[in-house]
Amino acid sequence: MGIKKVGLNRNVQPQTLTEKIFFLDFMKGLKTTIKHLFRKVITVDFPFELVEPAPRFRGVHGLRNVDGTEKEDFDAWVKKLKIKPPEMGETRCIACKFCQAACPVPEIFIIKAEKLDVPEDHPHHGLKVLSQFDMDLSKCMFCGLCTLACPTVCIIHTDVYDLSSYTRRGWVLNKETLSKIADDFIARRGKEKYDEKSHWPDWQKIWDDSDTARAKAWDNNPPKLGPNYADQQ
Amino acid sequence: MHLWIEEKELKEIKDKFPSIAINKEENFTYIQVKKSQLLEILRFLKDRLNYKMFIDFFCIDFPLHNPRFQGVYILFSPEKKKRVAVKVWAEDNSLPSVISLWKGAKWAEREAWDMFGVKFEGHENLVRMFLWEGYKYHPLRKDFPLKGYEEVYLPSLNLRPGEIPAHNYSPYHTEIPTMEDLERTQKKRMEKRNQIVLNWGPLHPGTHGTIWFLFDMEGEYIKNCDIILGQLHRGVEKIAENLTYTQFIPYTDRMDYISALCSQVAYVNAVEKLLGIEPPEKAKFIRTMMCELQRINSHLLWLGTYALDLGALTIFLYAFREREKIMDIIEGIAGIRLNSSYIRIGGVAKDLPEGALDVIKHFCEDFSEKIKEYETILTKNRIWLKRNVNVGIITEEDVYSYGLTGVVARSAGVPYDIRMIQPTDAYDKVDFELPLGTVGDCYDRYLLRMEEMRQSVNIVRQCVKKLEKMKDENYIASDNPYVLPTLEEVFNSIESMVKDFNLRIYGEQVPEGEIYLSGENPRGELGFYINSKGEGRPYRLRIRSGAFYNLQIFTKLIIGRTVADAVALLGSLDPVVGETDR
Ligand code: SF4
Ligand code: SF4
């Protein structure tokens, strides 16, 4: 550790007379800009060309449906909260409201569960189903605290970042929309993000290195993704 | 490493002023003084004991105590590298103003008046800091509701006939300033001496955010100047009192949104110290590495916009090219480009993904070359020199009096860098040089930031080297009872699940105590004062913003100069409005 003095006459010399007369300062600057004229374009041509968000990207939320990749203790949770055991394709949400409790802005969520209206001898008597799950994303910070709190990996972040809407009402997503967003996402990139027990695997890559749009943004010289640590080489 | 005043000196003060009470603790050492003696003791501290640098002043509200408000001063001695805090009760809701000792107290006292309604005797212009003249309440008082008072009717954008509302947007809104209010506010800020008052901002690209400048012009020259802040005031300190410690982390991102990671680290460090958590080695290195990447990112944004303001458009594009790469890295590791919310109490949210270190190494490889490119265009360019050299000279005296920190302080030759004097995380294990300016003008600040980027790359390289050997180490100290367990642990054990639940719902039950700890933000010292009463939420959380104090000197430096210099000067002070307004 040390101290380094900077300033005119310290690490930078003032302009010399020749530099002043021959405009060498401008010449040198121009040389750099002219060099850039012959470089390849690095801007991504949005919206015709899209950079695929990284696997960890936290975009618009989704609500996952039951698809056979639940966590081991999913059934126990369903039982504990007296929820009607969901069939394939029904939502995983058990209306536990952990997401809402973890969220810094709990007003985002409206979560309601209703008792099923069935006769007493029905096996589902006394059990509940999720009747409402609305999220007002105009208040959301996309901080990811809700998704980490969900015991069933139901609420997730997808890679959707398009949230524009003409009214504030457009940012309120209901249960069906959220489920659809999640289904789309899982079909597209589920393999990349979750393993067969919905865990978030550690071997995840920082991003997909075959993405040409991203390579462009990296000066057409994208980094090669090797193993993370030296001792694996 | 703690920086509080030593026993010997405390005794010296006690001998001189026997009526004071001393409270010496590991995290916060303060002297409790009487209001009548305040100025005398502060002068003694400043002149005799050399605590001449003003760090912060703020108030705390104790509704059940009489007198109700307590003022806290934090001072720093640059020679001894020690801090001291002075506490005083505001009898009759007022305190003597300390502007005569430190000019930097001017805005802090205005803020205290605005937020708490504490008056300051002898203050030159005690007007509201963030809110407008005529606002009836003082929002940081404990009896002010978090949502404010909803009293203005606004027709809602969302009501459509026949629609069942999911979220009911209230048609009522808290009070908003009217045109007359703003006019009154403007009139109160500055005494008009000349013909023309020029309004610069609040929405002008040159102000880098929503700052409203008033220039009293005589010809091309500025004769009088004042700044109206508050257009981005969101009451972050009030919000913090109503959230758990973990839930507040995303809000720290939104203060200095250009260097979110640095803010998170500064905040989390303060909480960890209060809780007695030691994050694992790996987390420390990850934090340091991410902070330095963020610092480069922030300086690149500064370079681009600064050059753009002074007319060099190309640099803006070149700087953003490099910045985009860092954004990509942060997105890949943390999940979001800007407001990343990646640091957690006890460590970091998630381990580095595969390939992260390769990407960072790749970035470091050619970055030094890129800096050289910027420098060939700018450093010796005669227009650049004309616009920068000898503009806005800051002296050492100003630094202490105004509480300037960060690059602004270092440009005046004051070696004040929190990374050096109170290293947190892994800063004591990496090697870097501290660049210092000589003249204190805009040109020095430009050179300093360029040099700092080089040093940051250097630090990042050292961290990468260390992290390459730390594959299997833990990235969060989740065995500590206050730290949220990792996802795997929650999935695998019931105890972790219960702990997770408790921490999320009730918050970290932080033991009673106080702390002031700061971090080196690209904009200056970002300090967090936390007062805990043993609950899951802080009793008072004060954010000492570097940009807020640095901006204060603008009015002094600009007087007598031209409007063109205002652009250069503001750019070189580099405030971020999210942080000044909080
Ligand atoms: S991302 Fe954050 S702010 Fe948004 S819903 Fe989840 S916890 Fe709440
Ligand atoms: S935490 Fe998950 S399961 Fe519980 S209410 Fe939220 S989304 Fe549903």
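Which residue follows helix 2 of chain B, and is its phi positive or negative?

A: N50(B) follows helix 2 of chain B, and its phi is positive, near 70 degrees. First, the ground rules. The model is predicted: local features need pLDDT of at least 70, side-chain atom pairs count only at pLDDT 80 or more, and totals for chains, interfaces and linings use all residues. Residues are numbered from 1 along each chain as its sequence is written, while chains are lettered from A and ligands numbered from 1 in the order in which they are written.

Now the helix itself. Helix 2 of chain B covers residues 38-48. Helices (H or I, at least four residues) and strands (E, at least two) are DSSP runs, numbered from the N terminus. Buried in this helix are I41(B), L42(B), L45(B) and K46(B). These buried residues fall within an arc of 130 degrees seen down the helix axis, so they line one face of helix 2 of chain B. The arc is taken over the directions from the helix axis to the C-beta atoms. The face turned away from the buried side carries D47(B) and R48(B), both exposed. Buried means 20 or more other C-beta atoms within 10 Å of the residue's own, exposed means 12 or fewer, and partly exposed lies in between; C-beta atoms are placed from the backbone.

What does the buried side meet? It packs against strand 2 (30-33), strand 4 (69-77) and strand 5 (82-89) of chain B. Contact requires C-beta atoms, placed from the backbone, within 7 Å.

Next, the domains. Chain B is assigned domain 1 (7-121) and domain 2 (236-581). Such bounds come from an automatic or database domain assignment. The two domain centres, taken over C-alpha atoms, are 28 Å apart. In contact are 18 residues of domain 1 and 22 residues of domain 2 of chain B. On the domain 1 side, strand 3 (53-61) and helix 3 (105-116) of chain B each give two or more residues. Strand 3 of chain B supplies the largest share, six residues. By class, that side of domain 1 has 11 nonpolar, two polar and five charged residues. Ala, Val, Leu, Ile, Met, Phe, Trp, Tyr, Cys and Pro count as nonpolar, Asp, Glu, Lys and Arg as charged, and the others, Gly among them, as polar.

Last, the other chain. Here 61 residues of chain B are in contact with 60 residues of chain A. The chain B side divides into 27 nonpolar, 15 polar and 19 charged.

Notes:
Contact = placed C-beta atoms within 7 Å.
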